[in-house]
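Let's take a walk through this structure together, one stop at a time. Have the sequence and the 3D view open as you read.

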Amino acid sequence: MSVCDELDLLLQDRRLTDDDWTALATSLEVTSEDLAGTWNHKRALVNRELRHSYGNTLANLARTEYEPDYAEIVRASAKKLRLQPKDHHGVAELGQKIVVELIDRAKEAIIKEKGRAAWDKIEAAAQADVEKAIEDGTIPADVAKRLKGIHGGAFLTALLAGRLAGFGLYIVANQVFFAMARFLGLRIGVAAAGPIIGKTLAFFLGPPGWVFGALWIAYDLGDTNWKKVMPAVATVAMLRARLRFED
């Protein structure tokens, strides 16, 4: 199953915003000009770019924009990060594990490159963002109540320990990536809506990036373009978490 699999169903959801599409496009190195068009055009474009970035040139010649199945891509991404996915792990659960692992690796790389103080600054900024959102009432009451029980630097500890899931993970992880983006000098407005993971990871992995490099994965191993696939999978996971909560 590929048409109407987890990725395609997400791309059909009419609650996706322009910022959501931009985040997906940025992670896949698709330009705004390429993305312009009808909803079905955007859907087909992102489906094709993500799936074919995972595949290889020869195999892609015989594939539609809905092949291979997204579950295969997510499981392969988890294995690339050495997460050892089990048979019972679904796409949503693996997507969350991938997001957490990417944050953990970013943390290690930033501390190694810039020092502990740099990461502490990012962590403090992310915590302040979450607390402000709670005070402003932009976080649902039940989630806010849960997050209020996590004090000090425990937001990130809880996240990396796997104690945050669903919308809680979406809120905290998104603010972490937002704080990292600002730390790295990315021009993302405070009012920006939707996940910014795509932009942040694209910066990490792209030519101007400095965080991962040789510390992460070698992009020339095999046919998969992990430089595109990994941030796209993380962005999709965050979108799924938000939309599932809205359901």
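**A helical chain**

Buried residues make up 53% of the 247 residues in the chain. Here buried means under 20% relative accessible area, exposed means over 50%, and partly exposed is anything in between, with a 1.4 Å probe and protein chains only. Before going further, note that this is a predicted model: local features need pLDDT of at least 70, side-chain atom pairs count only at pLDDT 80 or more, and totals for chains, interfaces and linings use all residues. Residues are numbered from 1 along each chain as its sequence is written, and side-chain values use heavy atoms, with hydrogens and water left out.

What is the chain built from? It has 13 helices and 0 strands, and the pattern along the sequence reads α-α-α-α-α-α-α-α-α-α-α-α-α. Helices (H or I, at least four residues) and strands (E, at least two) are DSSP runs, numbered from the N terminus. Of the contacts with a separation of 6 or more, 61% are between residues 24 or more positions apart; a contact means heavy atoms within 4.5 Å.

Now pick out helix α9, residues 141-148. Which of its residues are buried? They are V143, A144 and L147. These cover an arc of only 100 degrees around the axis, which puts them on the same side of α9. That arc is taken from the directions from the helix axis to the C-beta atoms. There is a handy rule behind this: an α-helix has 3.6 residues a turn, so residues three or four places apart point the same way. Turned away from the buried side, the other face of α9 carries the exposed residues A141, D142, K145 and K148. As for what the buried residues of α9 pack against, the partners are α8 (116-136), α10, α11 (166-183) and α13 (226-246).

Two of those partners hold residues worth a stop. In helix α10 sits A158, which is buried with a relative accessible area of 0%. A158 and L147 are 11 residues apart in sequence, and their C-alpha atoms are 9.9 Å apart in space. Leaving out residues up to four places away in sequence, A158 touches I150, R163 and L164.

Over in helix α13 you'll find V236, which also counts as buried, at 0% relative accessibility. Not counting residues up to four places away in sequence, V236 touches L7, L10, L24, L50 and Y70. V236 and Q96 are 140 residues apart in sequence, yet 9.9 Å apart in space, C-alpha to C-alpha.

Next, look for the second largest pocket, with a volume of about 200 Å³. Of the 13 residues that line this pocket, the closest to its centre are E93, Q96, K97, V100 and G162. The elements giving two or more residues to the lining are α7 (91-114) and α10 (154-160), and α7 gives the most, with 5 residues. A pocket is an open set of points on a 1 Å grid over the protein atoms alone, where a 1.4 Å probe fits, with protein on both sides within 12 Å along at least five of seven lines; lining residues have an atom within 4 Å of a point.

Helix α10 also holds L160, which counts as partly exposed at 25% relative accessibility. Its contacts, not counting residues up to four places away in sequence, are V100, I103, D104 and K107. The C-alpha atoms of L160 and K97 are separated by 9.2 Å, although the two are 63 residues apart along the chain.

**Two loop residues**

Finally, the backbone. Most residues other than glycine have a negative phi, and most peptide bonds are trans. E29 has a positive phi, near 60 degrees, without being a glycine. You'll find E29 in the loop between α2 (18-27) and α3 (32-35), partly exposed with a relative accessible area of 45%. R82 is not a glycine and has a positive phi of about 60 degrees. R82 lies in the loop between α6 (70-80) and α7, and at 74% relative accessibility R82 counts as exposed.

Conventions. Grid points are joined across faces, edges and corners, and a volume is the space filled by probe spheres set on the points.
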